[in-house]
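Welcome! Please take a moment to look over the sequence and the model, and then let us walk through a few of its parts together.

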Amino acid sequence: FSHVFDNEFLPKVLGNDFHSFDWNHEQMSSRLLDQIIDHEYIDEDCVSREDCRAIEDLIRSSCSGYQVQNFKENHFLREIVANGRNSIDVDKFDYLARDCYYCGVQASCDFKRIMPFARVIDDTICFKSSEVWNIYEIFHTRASLYRRIYTHKVAKAIEYMIVDAMVEANNAFGIVEKCRSPKTFIELDDTILKRIEFANPGDDDVRLRKAKSIVERIRRRDIYKYVNEYCVRPEQLPRWKSVNAEDVVACQLKNKAHGVELRPEDIAIHNLKIDWAMKDKNPVDNVYFFDARENNEKIQIPKQKVSTLLPEVFQERKVRLFVKDPNKSDAAAVAFEEYQRRNFGKVEQVSLTPPRLSSKVRNFVDNASGRTARKNLERSLGRSQNSSNQARKRSKKGDIRLMSPVME
């Protein structure tokens, strides 16, 4: 859960101490490599310490504040794995192609054409000018996967449940403490959910019991309920501040909540951000090209020369609301709409949230549906029986058709 761990779990469990907690998964990747060498799983004659430092530079070259020690002469080498200049790197090629394949999503770019049409000019990786649209499609595919797969509302609901379960189980399993050393960090694989699920908490361990119940809800697919979302207007993006649960709860209307009191811990706010890998910037503005003629001049291609259909804004923000208890979804929906009215003067979400059915209404609908289904079945069986009787009568009269009318 690398990104969920970095972006959701650690900020929630550490709170104000998160910014002073020196940790990211790129740094841990390089420390894990050192751990492998230290335990002699790889012979140092094959991978030396200098090689490890070079690999670390490749992994962390795009991380802010990191000073690359190697590749002083061949500067372009540090852009192959993690490209901080324009975000075109083999890491992106790998996960985009893999995720498209396994999720059954068609990629709009052709990865096979990009590398054969690359050339190093003035210590910079450049691409053939005819591939400029293909370069744009890389970032379009990435944004599409974020919108359709990575931030799908069901996926995010389960992610929030995993985070809540790990936060509640942190004291019992020492999850944060295990981040400090690669020797213990390797214990935090996918089995952490199984260990939480099959733990035997004591009577006084309320938090671990709560963690178990959350994991059990995931197994039953009793997941957090998506309520609604709204899109932030482009003119509001530069000064936008993330919405938190307290902001929405403060807008609940007691006269429309039907006696339900909404608390910050009852909801989860997803401040969704989708961009083209460079925040609000166009990443292709930092890409260099060469024309089809044999020359060594690197050029840039303005967006206006490529297509007038390309976006003017390269970042999208949405605010989503999830509720942990389905019984509070109506109260959460009312508070969410009121929050929008107070901040924007109107409700910004596309559609109104359908009210949740009460247990009595749901039972009535289920019973009515059952009665209707039985009537339809009886009616269908009655027609089949009548057809069979008519077929037998025709056969007695010498009708040579032996096939059942139902089969016909």
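Which residue in strand 5 is the bridge partner of K128? The partner of K128 is F290. Please keep in mind, as you read on, that this is a predicted model.

**Strands 1, 2 and 5**

That bridge belongs to a parallel pairing, in which strand 2 and strand 5 (residues 288–290) are joined over 3 bridges. Strand 2 also pairs with strand 1 (residues 118–121), this time in the antiparallel sense and over 4 bridges. Within that pairing, R119 faces C126 of strand 2. Strands 1 and 2 make a hairpin, with 2 residues between them.

Is strand 2 largely enclosed or largely open? Of the 5 residues in strand 2 (residues 124–128), 4 are buried, so the strand is largely enclosed by the rest of the structure. In general, strands of a sheet pair through backbone hydrogen bonds, in either a parallel or an antiparallel way.

| Strands | Sense | Bridges |
|---|---|---|
| strand 1 and strand 2 | antiparallel | 4 bridges |
| strand 2 and strand 5 | parallel | 3 bridges |
| strand 3 and strand 6 | antiparallel | 6 bridges |

**An open sheet and its helices**

Next, find the open sheet made of 3 strands, which come in the order 3-6-4 with antiparallel pairing. Its edges are strand 3 (225–231) and strand 4 (267–275), each of which pairs on one side only. On average, neighbouring strands of this sheet are turned by 25° against each other, direction ignored. Strand 6 covers residues 315–323, and its R320 stands opposite E229.

Which helices lie across these strands? One is helix 7 (residues 153–168), which lies across strands 3, 4 and 6 and runs at about 60° to strand 6. Another is helix 14 (residues 329–344), which also lies across strand 3, strand 4 and strand 6, and runs at about 10° to strand 3.

**A closer look at S213**

Finally, turn to helix 11 (residues 206–220), where you will find S213. E197 is 16 residues from S213 along the chain, and their C-alpha atoms are separated by 7.9 Å.

Conventions. Residues are numbered from 1 along each chain as its sequence is written. This is a predicted model: local features need pLDDT of at least 70, side-chain atom pairs count only at pLDDT 80 or more; totals for chains, interfaces and linings use all residues. Side-chain values use heavy atoms; hydrogens and water are left out. Two strands pair if DSSP finds at least two bridges between them. Axes are lines fitted to C-alpha atoms, for helices over the stretch in contact, and angles run from 0 to 180 degrees between N-to-C directions. Contact means heavy atoms within 4.5 Å. Buried means under 20% relative accessible area, exposed over 50%, partly exposed in between (1.4 Å probe, protein chains only).
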